[in-house]
Amino acid sequence: MSTKKIVVVDDEKINLKLFENFLNNRGYEVVAVDDGSQVVNTVTKEGPGAVIMDIVMPGRGGDEIAEQLKKSASTRHIPIILITADMLKPSEDLYADYFIRRPVMGDHLLKILADVFKDA
Amino acid sequence: MNIKSHRFFCFLIPLTVLTSGLLCLLDTAKNIILVTQLALSGIVFFILFFIFLRPYKKTLRRLKLHKTNGNSVFTDIMTCCLEMNKYYGEEELERRILSEREQTQKEVSLAQDTLHSFRHRVDNSLSPILKIFYTKENDMTVIGKMSLIVEELYKSIETIVAKMKSQSELLALTFDAFDTTTLSLEQVDIIIEKAKGLSAHLQKETAKGRDALIQTRESMKTILESSEKMVNIITTIEDISEQTNILSINASIESTHTKSGGKGFAVISKEIRKLANNTKTSSLEIRRMVEDMIQKTKKQAALVEIVFNIFTQINSYIEQTNETNKNIYNISKKGVIQGREMQTAINALSAVAKVIINSSDKELFQANEVLQIMNSLKKVFDEYKTNEEFLSFLEGEPSIQYENRERRA
């Protein structure tokens, strides 16, 4: 893994902006996506080091997209971090390397990213 | 075997037996065999009733209990079960009810775990706010208040960050402006430095011209003095030639007294008189020339004096310009120094602003995250606020109505 590029997926633009500011200021390059249908294309094109995705989104949810990414040979190696504010969503049986319940604590997220990018 | 077939066996068979018994009684009254048959029929009826009808009644009673509790979820389940009953038998219905119940128990258990976990996390992350606002009596108000507080916090942080960003941009602009001003001052400084060099050169050249004029004036003075002396000498020559002329005239007169002996002397005296006249003519010519030269020299001396005065004035002007340049140079030097000082200060401010912005983005991110979960929690509360079981669960009671009913059953 030679890049610190992260694809962040959330239907809320303000969430995307805050993720972008937070991660950019800490040395990560962020590609923001607010449309679930564009995620697979973007991830394939950009080849990021990680994908951060909200589960609850209109249309296709983050869990569905994660499943598709993990089943594809070209993207299955990319670590996926799923985030949800849904209180009843189970953390089991999800196609994700990491699962975070909101509120996402900045330090916790950075620790996970440090772990993901430890070889970068 | 479904419930309808139960009903058939439970009611139709005993009814047939009883009817046949009664008919027999009418025909052959007090026939002991028939009485026995009747008694047996009654027993069979009760046995059949207990075997086939009791489970059905039990199920109905249980479903009725669910219904009377008024929980919409269980009402739905019951309706569903009754619908299912049309297609499935007692055993299948019972199995499905048990399965649904287990599934619901699992979900409720999961919800409990999740909410306990969430409450724990919220307690940890927002304990100061929670301590102030948390009351078990009114969870909805608490969550509403917290949500508002977080929203306010979020808005204020957002405003602060926006202001900081604009200030930072403003600082950057000011910095650029000062940079330009300082650069201009530096350019002025360079120009003044050049002007100073030119002025010094001009002053030097002017001084040289002035010195040359002074020397010219001195030379002219000497020439005038020499001319004056020459006029005196010419006067003396003129006197001499006059006296020589007179002397030659006297010599000529004296030669006439000596007859032949004085003839040669008369020739000499004539030549001397001629020489004296020539000398006089030449000296007059020289005088005229010298006097003319004196006049011209005097005029030139006057011109030199005027030029000298002009040079003196130019020199004075150059000195004044130098002084002004010096002042401008000092002012611009101060400006450059002050500009640099301000630049340094603005650089420092800009760096501080950047640090503040970078550190506040984490706060903003965190506030937004809390807002997200608050909204989610609020949504859950809105959804379940009428559900007494859910509220009693939030109050921390270990059991809920559903479990109580199970124990009763």
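In this predicted model, the side chain of A:Lys5 makes a polar contact with the side chain of A:Glu46 (2.9 Å), a polar contact being a pair of N or O atoms within 3.5 Å of which, within protein, one must be able to donate a hydrogen and the other to accept it, while residues adjacent in sequence count only if both atoms are side-chain atoms. Local features need pLDDT of at least 70 and side-chain atom pairs count only at pLDDT 80 or more, whereas totals for chains, interfaces and linings use all residues. Side-chain values use heavy atoms, with hydrogens and water left out, residues are numbered from 1 along each chain as its sequence is written, and chains are lettered from A and ligands numbered from 1 in the order in which they are written.

A:Lys5 counts as buried, because its relative accessibility is 13% (buried means under 20% relative accessible area, exposed over 50%, partly exposed in between, with a 1.4 Å probe and protein chains only). A:Lys5 belongs to strand β1 (residues 5–9) of chain A, strands being DSSP runs of E with at least two residues and helices runs of H or I with at least four, numbered from the N terminus.

Five strands of chain A form an open sheet with parallel pairing, in the order β2-β1-β3-β4-β5, where two strands pair if DSSP finds at least two bridges between them. In chain A, β2 (29–33) and β5 (98–101) stand at the edges with a single partner strand each, so one side of each is left without a neighbour in the sheet. Between β1(A) and β2(A), which run parallel, there are 5 bridges, and A:Val7 stands opposite A:Val31 in β2(A).
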